[in-house]
Amino acid sequence: MVELHCHLDGSLRLSTLEELLRQKNYPIPDDIRFHPGMGIQEALSKFQTTLSALQEPDAVERVTRELCEDAREFRHIHTEIRFAPQLHLGAPTEEIVDAAISGLDENANLILCGLYGEPPSVLNNLVEIARTRPRVVGIDLAGAPLKDHRYHLMDYDEPFTRARELGIGRTVHAAEGRSPKEIDVAINFLHAQRIGHGLTLLEDWKTLDLVLERGVTIEACITSNWHTGAINHPSKHPIKQWVDQGVKVAICADNILLSDTVLPIEYTRATQQCGLLYKDISICKANAQQAIFQRR
């Protein structure tokens, strides 16, 4: 199995999180995990706790190493781990990225995330960091847009265009219960090769045609979408319709700790609750492998 959408700060071991919080004399929350229908903003707020434990390079390296160990246990043949290093303030961003690289094994690489609402200069800096680090294979725009954000999706065209010029992969969190037009912008202006979530894809046939024409892969995160309230139940996820329409779909876990899931659970959910057949699962596995970001 190949994991393309896995957030470092949402996928650390619970025991490690508790240990790191104790070292800082920070409170350990009663329940850090997501729950169905909580909404995306409440879900995003959970990362404040995990991030508070991951500010220093040593912690980042440790959690990256443990995540790679866990991935081997679950028989991943490749994992792309993503995180926003600019949120880890215990060292300069470059050192945080290098710490994560030090924790990687031979079956994993990094994606660096800018966040909706951040100045495009933040993403420009992440692209520059990636330029000289081959283990950074992609960039992402993560989080969720808010009406009061100064910067919007179109404002990130410059760093994503620069990433394309450098042969760095591009993925964008888009249409996570929002307008499918986000997908259009992400593909046409941010040169996205993959879309994270993309739940409303089928609400606009022009968007669907664009995804099919460009061969864009959708990173499907079933449990995560249920937790954020983007769908009411896993059975309501459009993944089966996507596969039937010929969309390239890769099944992903998103946040192992926060959603209390792993990739094998997501594949089981896809068959038992979303109606995917054995042949569909085989297609999704092949899609994920073909969509791995490769630096050129």
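I started with helix H9 (residues 205-214) and listed its buried residues: Thr207, Leu208, Leu210 and Val211. Buried means under 20% relative accessible area, exposed over 50%, and partly exposed in between (1.4 Å probe, protein chains only). Helices (H or I, at least four residues) and strands (E, at least two) are DSSP runs, numbered from the N terminus. Seen down the axis of H9, the buried residues fall within an arc of 160 degrees, so they line one face of the helix. I took that arc from the directions from the helix axis to the C-beta atoms.

This is a predicted model: local features need pLDDT of at least 70, side-chain atom pairs count only at pLDDT 80 or more, and totals for chains, interfaces and linings use all residues. Residues are numbered from 1 along each chain as its sequence is written, and side-chain values use heavy atoms, with hydrogens and water left out.

Next I checked the other side of H9, where Trp205 and Glu213 are exposed. I then looked for the cover over the buried residues, which includes helix H8 (181-188) and helix H11 (239-245). Contact here means heavy atoms within 4.5 Å.

I looked at both ends of H9. At the start, a side-chain oxygen of Asp204 reaches to within 3.0 Å of the backbone nitrogen of Lys206. After the helix comes Gly215, with a positive phi near 65 degrees.

I moved on to the sheet. It is open, has eight strands in the order E1-E2-E3-E4-E5-E6-E7-E8, and pairs in parallel. Two strands pair if DSSP finds at least two bridges between them. Strand E1 (2-7) and strand E8 (248-251) are the edges, each pairing on one side only.

I checked the neighbours of E5. E4 and E5 pair in the parallel sense over four bridges, and Asp140 stands opposite Thr171. The chain crosses from E4 through helix H7 (residues 157-166) to E5 in a right-handed β-α-β crossover. Right-handed means that, with the strands pointing away from the viewer, the path from the first strand over the helix to the second runs clockwise. E5 also pairs in parallel with strand E6 (residues 194-197) over four bridges, with Val172 opposite Ile195. E5, H8 and E6 make a right-handed β-α-β unit.

Terms used: Polar contact = N/O pair within 3.5 Å; in protein donor to acceptor, adjacent residues only side chain to side chain.
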